[in-house]
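Colleague: I would like to learn how to read the ligand sites in a model like this one. Could we go through them one at a time?

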Amino acid sequence: MSMETYETHGPSVGKYMIGFILSVILTLLAFGAVMLGWLDGWSLNLKVAYFAGLAIIQIAVQMIFFLHLGEGPDAKWNITSVWFTVFCVFIIIYGTWWTMQHLNYQVMGSNGRVAVVDQIQQLRSVSAQETNLSEETAAAPADMVSEQEEGLNRQ
Amino acid sequence: MSSSILLGRLTDPNAHALDMLKHEPIVLYTVISIGVIGALVLAAITLMGWWKPLWRNWITTVDHKRIGIMYIILAIVMLVRGFADAIMMRTHQAMAFVDTAAMTSPETAKLAAESAGFLDSDHYSQIFTAHGTIMIFFMATPMLFGIFNYIIPLQIGARDVAFPFLNNLGFWITFAGAILINISLGLGAFARGGWLNYAPYSDIIHSPGTGTDYYLWSLQLSGIATTIGAVNFIATIMTMRAPGMSMFKMPVFTWTSLVSNILILMIYPPLTVVFILLALDRYAGAHFFTNDGQGNPMLYVDLVWVFGHPEVYVLVLPAFGILSEIVPNFSHKRLFGYTSMVWATLVILILSFIVWGHHFFTMGGGTAVNTVFAIATMIIAIPTGVKVFNWLFTMYKGRISFEPPMLWAMGMIFTFVGGGLTGVLLSIVPADWQIHNSAFLVAHFHHTIIGGVVFSYLGGLAYWFPKVFGVKPNRALGIASFWCWFIGFHVAFYPIYYVGLEGITRRLQHFTDPGLQPALITAMIGVFIIALGIICFVLQVLGVIVYGFRHRGKLPVQDNDSWGAGRSLEWATSSPPPAYNFATIPTVHTTDAFWDMKQSGHVRQTTGFHKIHMPSNTAAGFWAGMLLVALGFGLVWHIWWLVAVTFVGTIAVIIAHSFLGNEDGYYIPAEEVQKTEDELTAFLTHKGATA
Ligand code: HEM
Ligand SMILES: [Cu+2]
């Protein structure tokens with residue numbers, strides 16, 4: 001292949017520019033959100049969705065505008081392999097997420113367990129305040145704690 | 001911490017750079033003998049004046065056939081290395097029994113138990129990790145890539161792979177990884193966390209030494225090499241097939257190789273990522289897999305098995321392919337059920353990707369997760385069974401000749417079915433709760449990986465050997481090698497099933513129930529029988545080295561169709577094949593292309609050849625590999641200037657290659673092609689053959 005094949009893509013300079021500008025905008029949306037605190041009031045899940053969403057759009061933009069996905073004689077194969085990649089990444093990420101949801105609680109000291117302990121401690125301190133006991137001696141009402149644990153087990 | 005700028009952690013007494021050498025005589029003597037043998041080899045090469053041909057014909061080569069041979073030599077060396085570890089473990093375990101019940105105080109009992117055998121627990125942990133890691137990443141994978149390299153382009157009627165330089169680079173990166181992991185034998189220590197080095201054990205708090213760092217960087221190198229190799233072969237198979245060879249006319253080995261390479265592209269990136277995250281934990285104080293700081297070690301286990309389970313299918317699918325080549329050849333029949341073979345391969349591709357969770361049935365998965373992964377695992381038995389039955393039907397009513405490759409194939413079918421059955425047993429969750437991480441598991445995966453993968457690869461080597469060297473390997477040695485492996489395997493691993501069911505867990509350094517000692521002694525005897533098999537195999541290889549030696553590196557051209565019943569295109573060209581593989585690219589009409597050529601009285605072209613375009617050699621891959629060894633070494637020992645220099649250097653070498661390297665390649669003149677082809681013509685007429 002010589003340079004000419006690339007040059008016949010003449011108008012793609014424009015495409016590159018569009019891709020570049022879109023990428024800059026998407027990047028600024030991510031950085032701005034953190035630097036300027038746009039998302040401060042959002043829940044953690046929403047924040048994750050926001051950033052993951054931007055990342056996915058950015059991937060699509062770069063593949064279409066920079067890697068010319070869907071153009072040229074190999075377009076069919078390229079698109080097939082992109083969908084195959086999406087399928088694989090989905091299995092890895094969703095499978096991991098799903099598995100970890102279930103593993104979380106049972107692993108000692110992992111963040112799942114820590115979260116539960118936090119919640120239990122919150123319950124304890126609430127009940128301690130209510131009954132006016134010191135925090136160390138306070139025990140959460142047994143049914144409340146086990147309800148929490150059951151809830152996580154059921155996931 | 002007393003690390004110095006110049007030498008990093010090497011001078012830090014806490015990093016224990018020389019501890020293994022000082023305190024483990026086994027390590028000391030091994031390192032000394034490697035040093036002596038290495039020096040002798042280098043001296044011999046210098047004395048014989050071989051550096052120049054070695055450099056010109058091998059180190060800088062981009063010929064897929066030579067690169068394939070280099071991969072296989074690396075794999076054989078690593079097989080011996082990994083097997084030395086296995087022998088040590090098995091002899092140690094056979095000795096490490098102490099009847100603690102008969103002892104007076106618990107303290108003496110504990111001491112006696114720990115000092116039984118000849119390896120202390122720390123060294124034993126290093127050995128089983130070294131064994132597993134080296135066998136999978138530096139023995140089986142390079143052997144696989146060696147076979148890919150040699151056979152795929154020949155089978156699809158191509159002159160080379162799609163990216164010859166990348167191929168050379170991939171080999172040297174694999175080589176760099178192998179060197180790096182073996183440096184840890186002498187300087188520092190080996191990792192102790194098993195072949196997948198589970199977090200949190202592999203984090204900086206529990207494994208502060210250099211072992212895990214060596215492991216991380218050498219496997220990272222091996223992973224990169226494997227990934228670029230896979231890209232190369234997928235591109236080769238998709239774009240460089242001979243005219244007429246549609247997807248459903250490809251030989252089954254090419255099919256399974258394609259699928260295996262696709263699987264590599266699916267699973268090696270997660271491995272690379274998980275190792276980067278672990279490196280961040282260790283080097284930069286991140287908390288991905290720690291117990292505190294919101295990390296979760298189970299995430300490591302999960303991601304590492306996303307890689308780990310399909311990896312065994314990466315290894316075994318081409319093994320199935322090899323069998324699908326050998327069995328029809330030596331049964332003198334066409335392969336039964338070609339289409340079902342291909343579809344079974346594709347089904348295994350998907351299924352093997354969604355079963356990784358069966359590796360943590362007992363680690364808190366809960367009913368839903370365990371059920372899904374268990375059922376997915378069991379279903380794999382169906383396409384695998386299809387394959388086994390197809391081979392059996394191919395043999396049925398065939399005229400079987402019991403040459404060594406066929407012995408390996410039949411041994412594989414017999415053994416692999418047994419391993420598969422114990423695998424299905426392990427996939428049943430309640431059963432797995434009993435035998436998880438027991439010696440039963442060790443026996444199961446060796447059953448599939450030796451019986452399935454190693455037997456097939458050795459069969460493949462025996463089968464294609466005459467293609468590579470023009471002569472058949474010594475038949476008696478081949479048969480002896482097979483029977484030693486086959487018998488040795490069963491003697492070595494059935495007792496391990498038994499002790500596993502009796503409650504011995506994997507990775508144990510000593511035992512306290514003398515009743516089980518006879519079983520482990522039997523296992524040890526089995527390993528010595530396997531050792532005989534390896535010796536016979538190495539003798540075969542030495543035999544051919546002597547043979548090549550006598551012909552001063554230029555092997556005479558021999559019969560193309562060495563076994564007389566070749567079906568695929570690699571048998572259409574002379575043995576050994578010329579640099580350009582095919583003087584005229586064949587046209588394909590049916591699945592068994594070469595068989596079809598023979599049947600239809602195809603006449604070999606003997607005149608009127610054209611000049612042939614070939615890629616040029618390059619030293620860039622070699623230098624990049626050497627720089628990467630230094631890069632990994634710098635990372636392990638925190639020698640940051642070395643890291644910086646070699647990192648820039650590696651990139652510079654590759655960029656320099658693309659500007660200065662001779663990308664245009666060169667032409668083999670038509671006269672030379674004519675001369676080479678005349679040799680084959682002369683041989684064939686002498687033999688009275690036509691095809
Ligand atoms: C040739 C005869 C072989 C023998 C006698 C042998 C023996 C052993 C032994 C004794 C262990 C340690 C078991 C324990 O302490 O729990 C082991 C582990 C292992 N072997 Fe082999 N092995 C052989 C070949 C292979 C091959 C060909 C492969 C792979 C291609 C392999 C892969 C492994 C792996 C992955 C482990 C697990 C290491 C770990 O615990 O992390 N072995 N083998
Ligand atoms: Cu598995």
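Colleague: What spacing do the donors of the copper ion (ligand 2) follow along the chain?

Modeller: This is a predicted model. A spacing pattern lists the donors in chain order, with the residues between them counted. Here the donors of the copper ion follow H-x48-H-H. The coordinating atoms are ND1 of B:His309, NE2 of B:His358 and NE2 of B:His359, at 1.7 to 2.0 Å.

Colleague: Is B:His358 buried or exposed?

Modeller: A residue counts as buried when its relative accessible area is under 20%. B:His358 has a relative accessible area of 12%, so this residue is buried.

Colleague: Which residues come nearest to ligand 1?

Modeller: The shell is read as a list of residues around the ligand. Ligand 1 has 25 residues around it, and B:Tyr124, B:His131, B:Trp195, B:His446 and B:Arg507 come nearest.

Colleague: Which helix supplies the largest share of the shell around ligand 1?

Modeller: H6(B) does, with 7 residues. In chain B, helices H4 (64-95), H6 (121-155), H16 (439-469) and H17 (475-501) each supply at least two residues. By class, the shell has 17 nonpolar, 5 polar and 3 charged residues.

Conventions: Residues numbered from 1 in each chain as written. Chains lettered and ligands numbered in written order. Predicted model: local features only at pLDDT ≥ 70, side-chain atom pairs only at ≥ 80, totals over all residues. Heavy atoms only, no water. Donors = N, O, S within 2.8 Å, 3.2 Å for Na, K, Ca; no water. Buried < 20%, exposed > 50% of the residue type's maximum accessible area, 1.4 Å probe, protein only. Near = heavy atom within 4 Å. Helix = DSSP H or I, 4+ residues; strand = E, 2+ residues; numbered from the N terminus. Nonpolar A, V, L, I, M, F, W, Y, C, P; charged D, E, K, R; others polar.
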